[in-house]
Amino acid sequence: MTFVQKYLAWGAGVLALLIALIFALPGGKVRGFDAAGFGNIPILDGGRVKPLDSLARNSLLVIHSRQGFRYEGRTIGPDEWLLDVMFRPQVADQQPIFVIDDPDVIGLIGAKQTKNRNYFSFADLSSHLEEIQKQAQNAQPIAPQKRTRFQSAIVNLFDRAYLYYKLRNTLQLAGSPGLGWELQSISDAEASARHQELMQFAAFRILPPLPGGNPDAWKNVGEGLRAMASGQGVHPALVPLARLNAAYAANDPASFNQALADMNGVVSTLKPGALSHANNEVVFNRAQPFFVGLSIYFVAFMVLCISWIYKPDLLRPTAYSLLFAGAIVHTLGLAARIILQGRPPVTNLYSSAVFVGWGAVILGLIVERMYRKGFGTAVAAAAGFASLIVAQNLGTEGDTMEMMRAVLDSNFWLATHVVTITIGYSGTFLAGAIAIGYAIRKHIVTKVDPETDKALVDMAYGIICFALFFSFVGTVLGGIWADQSWGRFWGWDPKENGALMIVLWNAIILHARWAGYVRERGTMVMAIFGNVITACSWFGVNMLGVGLHSYGFMDQAFYALTGFIISQLVFMAICYAPARFWVEKPHGKA
Amino acid sequence: MIKTLASRIWAFFKSFQLTIVLLALLMLLVVFCTLAQVELGTAGAVNAYMRSFFVWHQFSFLSFPVPTFPGGGLVGLMLTLNLIAKTLDIQRSWAKAGMWLVHAGLVILFAGEFVAGLMQVDTNMSIEVGQTVNYVQSYKNMELAVIDTTDPTWDEVYSVPDTLLSKGGTIAIPGTPITLNVKRYFPNAELSNLGAGGQPSGATAGIGPNVAIVERPTVTNDNEMNMGSVLVEPIAGGHSYGIWLASMALGAPQSFTHEGHTYSLSMRLRRQYLPYSFTLKQFRHDVYPGTDIPKNFSSLVQVVNPSQKESREVLIYMNQPLRYEGKTFYQASFGKNDTLSVLSVVENPGWLLPYVSCVLVSLGLLVHFAIVLRRSLKRRQDKKEG
């Protein structure tokens, strides 16, 4: 590697980091409104204080499956969208954001399914809301596993429409003259009914707790108005909120931005610290480190693939430096989540996917440092990319920093048991990925290269030892946690069994190898099967819906898991295909 | 001859093949056991697959069940023997010290699971706020309780376990003049009001004559209960008091009087009385602000143990159970609008074994890695020098 090549390679990594940094920078004003500043306002939702921006992103993700959309030639971000929903529902109602894929549901709302039109606006849905609600209420008593496709789809649509409806009626009742008018007509005849409605539909609590009260007693607008009507005075945040509302509806950016500054003043007096905590989370939201990370991993993987046929001396180190840059972004994202949440890295299925990918990437970086053949980079980039894609798909169900249910509320055990066992998953997946690389390589590379083969097998073997150690220790720690909190070490609960399967399988691979029953290829085939075992243990047991550990049933994931298992079996077959399929191909034919 | 046989057995038990076959069998068992939990519930599946020597299957063309697969007990036992043989076979040298420790630790881990399988008893205790309870009750097993309620301040309880009822025949209640003649025992049954054309229960006294009874197959699922029911005829002093129906499905106990003593009859979950009692002083169910997501459950309990002259308050909460007199009480459930707390109770005399094992295995792995690291460093050094 020449000096110039070295600099070019590292330059690519630095460039990737710079691009990642650009994501974290705040965007400009929207039509003169400081929408980003509005997104910074702290609220209480789902048991924790978070910025409105997080709520906007998660709601849009639930309703639209993305964090933004194109409308009338412009990209609408989550903050602007939420402003429209809450303060200009007449505008937001026209935006086609509801994704509906199920043909029966589309039929129900009277639109023909065409290739381009799976997106509907709230206005499109509004004339069918009663029917949607009726159908959903019929389906809701049925257990999620037993619902038909239509029933799942209609319940899902109803939940999304209801979320939208709640957002529309949280700060003002949609169709009313606004919050300022509510404040003026606090004692008119229908006021009490309106307050009741606002309380019932409130999607979040925006009024910070007053001094002297319970520090967690955030209120929603309806509760604030009710307190005011009963003579407890005006909550200091209601006035700037009403001005924000009026200015946005009247398209007056200057007054809006002024009202926002006043709102921030009120919040920082009532709840010092909440504003800066919210701001940190907004930076994290904007940076989207896991999305940026998976993009960098993808580029790194592509560059590495190209390096096998073109300019390997330049492109292989470039891919490594890109992988390194991706790992930095990924690590920062992980660290940010730990700090924001005040929890160890793995708290739910989403974060376990993020962490498994991170573990695989770090292991891959180490392997690449040791062998320098590009394989470590390839499998690490592929594993990091794949697991972050899984995480992105798991993260569409709402807040990924949800509060921990009572029994899981133990930072000590989350940090020890959960982290070690997840590292065990990472190792098993990485060994499987190396084995897949080995199998593919056997078929496409024309020349026989026993040295590289041996290096790959050594890598896989080393990583399986590593994975056995971590999954065993993690499983035993899990047993100890169970003994400490439930008084029994082992209960053959599905999640425990899943962890045990990984330990047993890795133990089988190692014993079979030590005894000489399997050699190179056998070890690799077994390592690929490790992927199947790990995936089943990780996701499969949640689908059974039994036991103390089952946190969250997923139906669509079942098909993804089946597809993954089939693909791994195919790879095993490829790896096990007899020698004549894969060595010493005549040149020019391959 | 004997020597060759012995050495063959020895070779069999220490072979790697056996290890791999057993590990594979164990994996399959774990898969079956996990899948079976959907139908059988956790306890049912574990008893069928793990805590048995064979997995039995009832084929429709045979009148008796046949073993179709080795159960967890057999595989575990073989694996333990394999492990012991292997451990003894490992070269007794410092270089193998780590592997020695690891395998010895695994033997203890298996022993722990055996002890748990044979001796662990799972029960529970439900207490309402303000109530004092001095017994734990089974999840599934039932008993027929015969209670002398004559003295308003003191109940004399005699109980007949369901296993004894299912044998039928006559059962003398010790300490009383009563003998129970068990007419029929239903492990699970459905009761209903006797309408026109219904099947009468066969009872002649108490509420039984007005009830229809249909036998049902027993259930093992965690969420379902067997409604064990029994038809008994109490006989005292040569006099029959009629045939009574007692059932899990019947609420209030029924009673009869013999020579001034009133005896009540009821079917209930099997109880084990304790030499100490728990009084629930407070139950808390905390949620995260503005949500229904549970943050914490806790029970403040007054433990009173006259034999130890002990009376103290204990807070039992998430991840913080009470270990007392060989039993572990942990916060498991709640009900009745947060006024009822359910504590799960586990008694496992071998609870320390996994801890010992864990220490041994971790130590062994560390020693082994240290040895391997030293060896590879030395090799690298030799390479440099050579």
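For the helix pair I take axes as lines fitted to C-alpha atoms over the stretch in contact, with angles from 0 to 180 degrees between N-to-C directions. The model is a predicted one.

Entry 1, the helix pair. I looked up helix H3 (residues 72–89) of chain B against helix H4 (residues 97–119) of chain B, and found an angle of about 155 degrees with the axes 10 Å apart. H3(B) is therefore roughly antiparallel to H4(B), since angles over 145 degrees count as such. I noted the crossing of H3(B) and H4(B) as left-handed. The contact residues of H3(B) with H4(B) comprise eleven nonpolar, five polar and no charged. On the H3(B) side I listed, among others, B:Gly73, B:Gly76, B:Leu83 and B:Leu88. The H4(B) side includes B:Trp100, B:His103, B:Phe110 and B:Phe114.

I checked the length of helix H18 (residues 349–371) of chain A: at 1.5 Å a residue its 23 residues should span 33 Å, and the end C-alpha atoms are 33 Å apart, which agrees. I then looked up burial, and 17 of the 23 residues of H18(A) are buried, so this helix is largely enclosed by the rest of the structure. After H18(A) comes A:Arg372, with a positive phi near 50 degrees.

I located B:Asn188 in the loop between strand S7 (178–186) and strand S8 (189–193) of chain B. Is B:Asn188 buried or exposed? Its relative accessibility is 7%, so B:Asn188 counts as buried. Leaving out residues up to four places away in sequence, I found B:Asn188 touching B:Glu215, B:Arg216, B:Pro217, B:Thr218, B:Val219, B:Met225, B:Asn226, B:Met227 and B:Gly228.

Notes
Residues numbered from 1 in each chain as written. Chains lettered and ligands numbered in written order. Predicted model: local features only at pLDDT ≥ 70, side-chain atom pairs only at ≥ 80, totals over all residues. Heavy atoms only, no water. Helix = DSSP H or I, 4+ residues; strand = E, 2+ residues; numbered from the N terminus. Parallel < 35°, antiparallel > 145°, perpendicular 65-115°, else oblique. Left-handed = near helix turned anticlockwise from the far one by under 90°. Contact = heavy atoms within 4.5 Å. Nonpolar A, V, L, I, M, F, W, Y, C, P; charged D, E, K, R; others polar. Expected span 1.5 Å × (residues − 1). Buried < 20%, exposed > 50% of the residue type's maximum accessible area, 1.4 Å probe, protein only.
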